[in-house]
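Please view the sequence and the model first.

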Amino acid sequence: MVVNERTLRPWARDSRVRVGVIVAVAIVVAIVVWLLVRNNDNGSSSSAVATGPAIGPVAATQDRLRALADEEGHDVYWIGPEDNTTYELTRTSAGRIFVRYLPKGVPVGVDRADYTIVGTYPVPNATGVLQGLAQKSGENKLSVPNGGIAVYSSSQPTNVYVAYPGSNLQIEVFDPSADRAQRLVTSGQLEPVQ
């Protein structure tokens with residue numbers, strides 16, 4: 001059967017529903033990849049992940065992001081300041097921190113995967129985890145400045161995972177453009193909030 005606009009159910013013709021489905025699928029894929037990466041710590045023992053109150057999504061300033069890094073006791077990563085941009089901060093109770101770059105006029109909490117997001121996650125032996133992941137079929141490795149490693153899946157090239165030697169943090173950069181996500185990581189633009 002050929003699928004066209006007329007054969008789709010009424011809800012499937014609504015572009016908002018299609019965007020919502022795409023966002024939901026992207027979130028599920030990101031969670032599955034994170035779970036796979038998180039559980040692949042090459043036999044080293046896991047330490048407990050810090051927990052705390054969930055935050056957001058809320059608009060945040062660079063100062064607020066820096067203060068959160070101080071509260072957490074570890075770096076929070078981003079791609080630096082951008083003009084006419086709202087930094088949307090979300091922190092899960094498991095300690096996963098997300099900084100989303102929203103263009104001027106886009107409301108905080110908007111449910112669309114159209115914007116760059118940088119996530120910072122506590123992951124014991126993050127570099128070892130990504131080195132192990134890079135050995136798997138369908139995974140691609142990139143070199144990043146300061147001796148870091150980046151890995152992305154051929155099936156999900158818009159999500160690039162990064163770790164630096166000696167760190168227990170994994171950083172994820174998502175961008176709707178796979179080329180831009182990879183360029184943000186390899187260019188040295190990815191950095192701790194200062």
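A residue is called exposed when its relative accessible area is over 50%, and buried when that area is under 20%. The model is predicted. The points below concern helix 3 and strand 9 with its partners.

**Helix 3**
- Helix 3 spans residues 62-72, and its residues Leu65, Leu68 and Ala69 are buried.
- These buried residues line one face of the helix, because they fall within an arc of 100° when seen down the axis of helix 3.
- Asp63, Asp70 and Glu71 are exposed and lie on the face turned away from the buried side of helix 3.
- Strand 1 (55-60), strand 2 (77-78), strand 3 (85-91) and strand 4 (97-103) are the elements against which the buried residues of helix 3 pack.

**Burial of strand 9**
- Strand 9 covers residues 169-174; six of the six are buried, so the strand is largely enclosed by the rest of the structure.
- In a regular strand, side chains alternate between the two faces of the sheet.
- Leu169, Ile171 and Val173 are buried on one side of strand 9, and Gln170, Glu172 and Phe174 are buried on the other.

**Partners of strand 9**
- Strand 5 (residues 117-122) runs antiparallel to strand 9 and is joined to it by six bridges. Proline 122 has leucine 169 of strand 9 as its bridge partner.
- Strand 8 (residues 156-163) pairs with strand 9 over four bridges, also in the antiparallel sense. Tyrosine 161 stands opposite glutamate 172 of strand 9.
- The hairpin of strand 8 and strand 9 has five residues between the strands, and glycine 166 in this hairpin takes a positive phi near 75°.

Key: Residues are numbered from 1 along each chain as its sequence is written. This is a predicted model: local features need pLDDT of at least 70, side-chain atom pairs count only at pLDDT 80 or more; totals for chains, interfaces and linings use all residues. Side-chain values use heavy atoms; hydrogens and water are left out. Buried means under 20% relative accessible area, exposed over 50%, partly exposed in between (1.4 Å probe, protein chains only). Helices (H or I, at least four residues) and strands (E, at least two) are DSSP runs, numbered from the N terminus. The arc is that of the directions from the helix axis to the C-beta atoms. Contact means heavy atoms within 4.5 Å. Two strands pair if DSSP finds at least two bridges between them.
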